[in-house]
Amino acid sequence: MSYLKPQFSHPRLPKNKLGYTLKEYEGSLSTLCAGCGHDSISAAIVRACYELDIEPHLVAKISGIGCSSKTPTYFLGNSHGFNSVHGRMPSVATGANMANKDLVYFGVSGDGDSASIGMGQLVHVIRRNLNMVYVVMNNGCYGLTKGQDSATADLGSKNKSGAINPFQAIDLASLAIELGASFVGQSFSGDKQQLIPLLKAAIRHQGFAFLNVISPCVTFNNNPGSTKSYDYVREHIEATSAKDLVPMKNEISVDYEAGTSTPVAMHDDSEIQLNKLARDWDPEDRLSAVNALQKARMEEEILTGLLYVNSDWKDLHRTLNTAKTPLNQLKEEDLNPGTKVLDQINESFR
Ligand SMILES: Cc1ncc(C[n+]2csc(CCOP(=O)(O)OP(=O)(O)O)c2C)c(N)n1
Ligand code: SF4
């Protein structure tokens, strides 16, 4: 039973405002390969939820199939979870979200899960602006089925068997912006300084928050010549911004030079403080974000940070004008207006 985590913990572990320690946000012991980037992303999710004082039972984790899609077992063990079918996480997340809009939704996927079999589902959940955090753990290969190139493997990238990828890569962040995602970020599993605040901002965002996180597969795609290896990513990474989420009502303190900061207002009145490094880039300007990504691609750089945000776009519930009370809490008498009203409705269609 090596998969069981020890239950004991230090009695003086720090607690968040709810009185929970980090342990309350952890899951089962990971069975992924030691050093897999996906485990670092799970740890960042644990930390982000702990720091935001989120009630674990008010979170739903939904995933597809793959090593990445297994990770919800390894974080937030006290939350709701549904491990769905390969590439079908978005429709399951949509159904759950429509039934209960009061939960925080985490969709976890891989580049195989999202950029191939699940592409049709991904594009529609983006354009509907479903209120969820969609994390792609992007390793450029199908880890679970032993490392075949995925659709995000870069042109010319070499896989472990020595084969060169002859196809253009799908750039998921650019695609998400093009399709109207209201929050798009990119990060690296090895950069928790950047990833944790980015996750916190994504959770607070009211709408579809897409995070493409480069997450090396140490077993099948960490070789020289791969553009998703730890060494390659460390050499080619460029941050658009250093940032932090300032929760609403907290005093805003910034630790960077005046004149370089950009506060971005979130829907719930919290703010993301961005310390802009790139002069000609504005995270609230779609065109500027697309340009920055295309430029980085031409220069073979991986642009990370918050790339684009628009807090004004309506999420799916606001677009559909759904009831204030979540559907799963409505009683029969709320849902059935009675014969007289139904007759009137039918009459109005004649
Ligand atoms: C319908 C269906 N087709 C194919 C598979 C086989 N399969 C399982 S995981 C996977 C790809 C996983 O790759 P990715 O989503 O990138 O996740 P990773 O394992 O790299 O984290 C495939 C093709 C499957 N389980 N179901
Ligand atoms: S095969 Fe790759 S993606 Fe899967 S657990 Fe191992 S390192 Fe991670």
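This is a predicted model: local features need pLDDT of at least 70, side-chain atom pairs count only at pLDDT 80 or more; totals for chains, interfaces and linings use all residues.
Next, show the side chains of Met-89, Pro-90, Ser-91 and Thr-94 in α3, which meet Gln-121, Leu-122 and Val-125 in α5 (contact means heavy atoms within 4.5 Å). The residues of this contact comprise four nonpolar, three polar and no charged.

Helices (H or I, at least four residues) and strands (E, at least two) are DSSP runs, numbered from the N terminus.

Move to strand β7 (residues 183-188), where six of six residues are buried (under 20% relative accessible area, 1.4 Å probe, protein chains only). One side carries Phe-183, Gly-185 and Ser-187, and the other Val-184, Gln-186 and Phe-188.

Val-184 stands opposite Phe-210 in β8. Now include helix α7 (residues 192-204): β7, α7 and β8 make a right-handed β-α-β unit, meaning that with the strands pointing away from the viewer, the path from the first strand over the helix to the second runs clockwise.

Finally, select strand β13 (residues 302-309), which runs antiparallel to β7 and is joined to β7 by four bridges. Here Phe-183 has Val-309 as its bridge partner.

Residues are numbered from 1 along each chain as its sequence is written, and chains are lettered from A and ligands numbered from 1 in the order in which they are written. Local features need pLDDT of at least 70, side-chain atom pairs count only at pLDDT 80 or more, and totals for chains, interfaces and linings use all residues, while side-chain values use heavy atoms, with hydrogens and water left out.

Methods: Buried means under 20% relative accessible area, exposed over 50%, partly exposed in between (1.4 Å probe, protein chains only). Two strands pair if DSSP finds at least two bridges between them. Ala, Val, Leu, Ile, Met, Phe, Trp, Tyr, Cys and Pro count as nonpolar, Asp, Glu, Lys and Arg as charged, and the others, Gly among them, as polar.
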